[in-house]
Amino acid sequence: MANRAQIPTNNSALIAMIADEDTITGFLLAGVGNVDLRRKTNYLIVDSKTTVKQIEDSFKEFTTRDDVAIVLISQYVANMIRFLVDSYNKPVPAILEIPSKDHPYDPAHDSVLSRVKYLFSTESVAGDRR
């Protein structure tokens, strides 16, 4: 248990979001939104005017913040910065790819699912050797 990543317990951990306006609105209505004293939010609304650089910067910011435990990212947005999502390997914050209204979920592009498949395939190979 000593190697486990610790989530800050002084207040509570946040869920950060990078997605389209409808998805963000739904999560904000559920109470997930946060604005700190510096007027920084825990979400980025991606639309046709959002640049890939802005998405990259938000992803890097959310994955380095101490108060974020989960980053929810729409799968079509994650595909825009796939190299960053696939290279991220820390347990906290966890990166979860979610579907959006206009873009259906494709399990073939999900980085978490591909890692799980890889782990199970290596475990099954190691289990066969016993």
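Modeller: Residues are numbered from 1 along each chain as its sequence is written, and side-chain values use heavy atoms, without hydrogens or water. Because the model is predicted, local features need pLDDT of at least 70 and side-chain atom pairs pLDDT 80 or more, whereas totals for chains, interfaces and linings use all residues.

Biologist: In which helix is the place of threonine 63?

Modeller: Helices (H or I, at least four residues) and strands (E, at least two) are DSSP runs, numbered from the N terminus. Threonine 63 belongs to helix α2, which covers residues 52–64.

Biologist: Is threonine 63 buried or exposed?

Modeller: Buried means under 20% relative accessible area, exposed over 50%, and partly exposed in between, with a 1.4 Å probe and protein chains only. Threonine 63 has a relative accessible area of 9%, so it is buried. If residues up to four places away in sequence are not counted, threonine 63 touches Val71, Tyr88, Pro93 and Ile95, where contact means heavy atoms within 4.5 Å.

Biologist: What is the order of the strands in the sheet?

Modeller: Two strands pair if DSSP finds at least two bridges between them. The open sheet here has four strands in the order β2-β1-β3-β4, with parallel pairing. Its edge strands, β2 (43–45) and β4, each pair on one side only.

Biologist: How many bridges join strand β1 to β3, and how many join β3 to strand β4?

Modeller: Five bridges join β1 (residues 14–19) to β3, and alanine 16 has valine 71 of β3 as its bridge partner. Five bridges also join β3 to β4 (residues 94–98), and there isoleucine 73 is partnered by glutamate 97 of β4. Strand β3 itself, residues 68–74, is mostly covered, with six of its seven residues buried.

Biologist: Which residue caps the N-terminal end of helix α1?

Modeller: The cap of α1 (residues 21–29) is aspartate 20, which has a side-chain oxygen 3.3 Å from the backbone nitrogen of aspartate 22. Just after α1, glycine 31 adopts a positive phi of about 95°.

Definitions and conventions. Polar contact = N/O pair within 3.5 Å; in protein donor to acceptor, adjacent residues only side chain to side chain.
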